[in-house]
Amino acid sequence: MTKLKGALIGCGFFAINQMHAWKDVKGADIVAICDRDPERLKIVGDQFGIERRYSDAAALFTDGGFDFVDIATTVQSHRALVEMAAAHKVPAICQKPFAKTLSDAKAMVRTCENADIPLMVHENFRWQTPIQAVKAVLESGAIGEPFWGRFSFRSGFDVFSGQPYLAEGERFIIEDLGIHTLDIARFILGDVATLTARTKRVNPKIKGEDVATILLDHQNGATSIVDVSYATKLGMEPFPETLIEIDGTQGTIRLSQGYRLEVAGPNGMTVSDASPQLLSWASRPWHNIQESVLAIQQHWTDRLSSGGETSTSGADNLKTFALVEAAYESAADGRTVDIGAMLR
Ligand SMILES: NC(=O)c1ccc[n+]([C@@H]2O[C@H](COP(=O)([O-])OP(=O)(O)OC[C@H]3O[C@@H](n4cnc5c(N)ncnc54)[C@H](O)[C@@H]3O)[C@@H](O)[C@H]2O)c1
């Protein structure tokens, strides 16, 4: 079988994980890279042995010779780069946050549909081993119909040293991290009808909010809470674990710190270890995220080879992105926001 050829744009902090994962993906290789910063281009090109290097994305697309593009830049450039991919009929992966606004995100999905190219958002958190394990338990019927959930990410980890831009934006935790937690809530309990949110900024050195509490009314009648914080100083730092509680008509699921998965049902209780693997290039505590990067990139490669929509396609991600926009709206004016109306 011939391997798919990919190009990666944006050789920054997180792209290192994506490049390592591409080495492990079966069926695809990265053949060209692009970054407007010559230093990053050299570091990543030398580390991964990529000879085709570009400082300008337009020149990369003009030269072509690849089957897909992996856009790993920050949000400001996403719309322009996705549109460039569509203009060249090149299937595209785009990092989260998908776009600056919901209307930009909708336009990007439309452009790719019109160009008839697959578009996937690199929304990797739902691909984490512990999250997939919770989903599998729920789908097995072991706890009956879920009626309540909590998706929690509370940490005091210093994310600003690796990603200094996170301290500078008007928006912080919902747009950067809550976007993943909201996607997990949708993945586990289904799409959302209405949302109510409250936010706070605790750390005086940053511009945006670092605490958010979000109440979701799911379309299936379940209620859930998404709570995220980078101002929570715990005795044992859980970064970057998402903790989950689900109550169902027949039992409960608890994913707790240390990847402990407890399932209680009519036949008693089981406890298992839902830890991610430590891949050869991974390092703790990031290994959970790093493994999910490999999983999502393998999923993309498989779908691009065999056809079919990806789990986190652009169209799917609009429903997560709408929750981000709605959370900021609700936190600003106190209202409960109708998600269906935003997506129409
Ligand atoms: N899914 C996750 O777990 C996860 C974790 C961290 C970061 N991210 C996301 O990854 C994205 C990148 O974050 P990062 O921390 O690596 O950022 P970064 O600033 O370290 O890297 C971005 C790189 O893109 C380059 N770039 C920007 N615009 C460009 C353009 N138009 N053409 C060519 N190069 C361009 C920059 O020079 C830089 O080297 C962000 O959107 C972030 O939210 C995701």
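Modeller: Here are a few questions about strands and a helix in this predicted model.

Biologist: What makes β13 and β14 a pair?

Modeller: Two strands pair if DSSP finds at least two bridges between them. Strand β13 (residues 260–265) is joined to β14 by 6 bridges, so the pair meets that cut-off.

Biologist: Why is β14 called an edge strand?

Modeller: The open sheet has 9 strands in the order β14-β13-β12-β11-β7-β10-β9-β8-β15, with mixed pairing. Both β14 (268–273) and β15 (337–338) pair on one side only, which is what edge strands do here.

Biologist: How do you know that helix α6 packs on the sheet?

Modeller: Contact means heavy atoms within 4.5 Å. Helix α6 (residues 129–140) touches β7, β11, β12 and β13, and its direction makes about 175° with that of β12.

Biologist: Now to another strand. What holds for β4 and its partners?

Modeller: Strand β1 (residues 4–9) is joined to β4 by 4 bridges, and β4 is joined to β5 (residues 92–95) by 3 bridges. Leu8 stands opposite Asp70 in β4, while Ile71 has Cys94 in β5 as its bridge partner.

Biologist: Which way do the residues of β4 point, and are they buried or exposed?

Modeller: Phe68 and Asp70 point one way, Val69 and Ile71 the other. All are buried, which means under 20% relative accessible area.

Definitions and conventions:
Residues are numbered from 1 along each chain as its sequence is written. This is a predicted model: local features need pLDDT of at least 70, side-chain atom pairs count only at pLDDT 80 or more; totals for chains, interfaces and linings use all residues. Side-chain values use heavy atoms; hydrogens and water are left out. Helices (H or I, at least four residues) and strands (E, at least two) are DSSP runs, numbered from the N terminus. Axes are lines fitted to C-alpha atoms, for helices over the stretch in contact, and angles run from 0 to 180 degrees between N-to-C directions. Buried means under 20% relative accessible area, exposed over 50%, partly exposed in between (1.4 Å probe, protein chains only).
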